Amino acid sequence: MINRPEYIVIGRFGRPKGLSGEIYIIPETDFPRRFLELKEIFVADGENRRPLKIESVRIVGDRPIVGIAGITSRESAAAMTNKTVEIPGEQAAELPEDSYYQFDIIDSEVRGTDGTNYGVIEEVLFYPANDIYRIKSKEYGEVLFPVVDRFIIGIDIEKKKIIIDPPAGLFEGRGSQTEAE
């Protein structure tokens, strides 16, 4: 079984909604409707984390709007803006086959089909067309790698290893090797 972190990020508090203390959540999950089932979330502010009791939830578009116990004014809701919303890691939703959490991918070793070590994934960036892995290595520096099926040959989360067949030119000329004179 894969180790889950103690807490996982599922969103950020957005702007207040109305005057009664409700607040939008900007989901960082593929399952924004999961907020309808939650009774408690955790707010992270730096290294500090505290539980918040959810009193009400509704979804507008794909954005949850929550009412939190003790937050009863627009001003108190505004104070939550941009704080991270988390849940305990054991509450992570089961994913479909060939889907992974960001924390499963981070720190994975990236190798080519020929065994070339391209580095380690330091970050997953989310874009409308496709995600991007930010790969860092001593040999190639920082490379932004498109997460496209034809370039990803295999992912082994247990071993933290990803096999790729990179597009031509992505890594060429980036190495620290000097050409023979």
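Two strands count as paired here if DSSP finds at least two bridges between them. Helices (H or I, at least four residues) and strands (E, at least two) are DSSP runs, numbered from the N terminus. With that settled, Val43 has Val85 of S6 as its bridge partner. This is a predicted model, where local features need pLDDT of at least 70 and side-chain atom pairs count only at pLDDT 80 or more, while totals for chains, interfaces and linings use all residues. Residues are numbered from 1 along each chain as its sequence is written, and side-chain values use heavy atoms, with hydrogens and water left out.

**Overall build**

- The chain has two helices and 12 strands, and from the N terminus the order reads β-β-β-β-β-α-β-α-β-β-β-β-β-β.
- Its radius of gyration is 20 Å, whereas a compact globule of 181 residues would come in near 16 Å (taken over C-alpha atoms; the globule rule is 2.2 Å times the number of residues to the power 0.38).
- Along the principal axes, the C-alpha atoms fill a box of roughly 70 × 35 × 30 Å.
- Take contacts (heavy atoms within 4.5 Å) between residues at least 6 apart in sequence: 52% of them join residues at least 24 apart.

**Surface and charge**

- Buried residues make up 35% of the 181 in the chain (buried is under 20% relative accessible area, exposed over 50%, partly exposed in between, with a 1.4 Å probe and protein chains only).
- The accessible surface is about 11200 Å², and 46% of that belongs to carbon and sulfur atoms (Shrake-Rupley method with a 1.4 Å probe; for residues, only the protein chains shown count as cover).
- On the charge side there are 23 positive and 32 negative side chains, and the centres of the two sets sit 8 Å apart (Lys and Arg count as positive, Asp and Glu as negative, with His and the chain ends not counted; the place of a charge is NZ of Lys, CZ of Arg, CG of Asp or CD of Glu).

**Around strand S6**

- S6 (residues 84-88) is mostly covered, with four of its five residues buried.
- Strand S1 (residues 7-17) pairs antiparallel with S6 over five bridges, and Ile8 stands opposite Ile87.
- Strand S3 (residues 40-45) also runs antiparallel to S6, joined by three bridges.
- Thr84 is in S6 and is partly exposed, at a relative accessible area of 22%.
- Leaving out residues up to four places away in sequence, Thr84 touches Val9, Gly11, Arg12, Phe42, Val43 and Ala44.
- From Thr84 to Phe126 is 42 residues in sequence and 17 Å in space, C-alpha to C-alpha.

- Strands S7 (residues 109-112) and S8 (residues 117-125) run antiparallel with three bridges, and Arg111 faces Asn117 of S8.
- Four residues lie between the strands of the S7 and S8 hairpin, where Gly115 takes a positive phi near 95 degrees.
- S8 also pairs antiparallel with strand S9 (residues 132-137), this time over five bridges, and Val124 stands opposite Tyr133 in S9.
- The hairpin of S8 and S9 has six residues between its strands.

- Ser108 lies in the loop between helix H2 (102-105) and S7.
- Despite being in a loop, Ser108 is buried, with a relative accessible area of 0%.
- Not counting residues up to four places away in sequence, Ser108 touches Gly119, Val120, Ile121, Lys160, Lys161 and Ile162.
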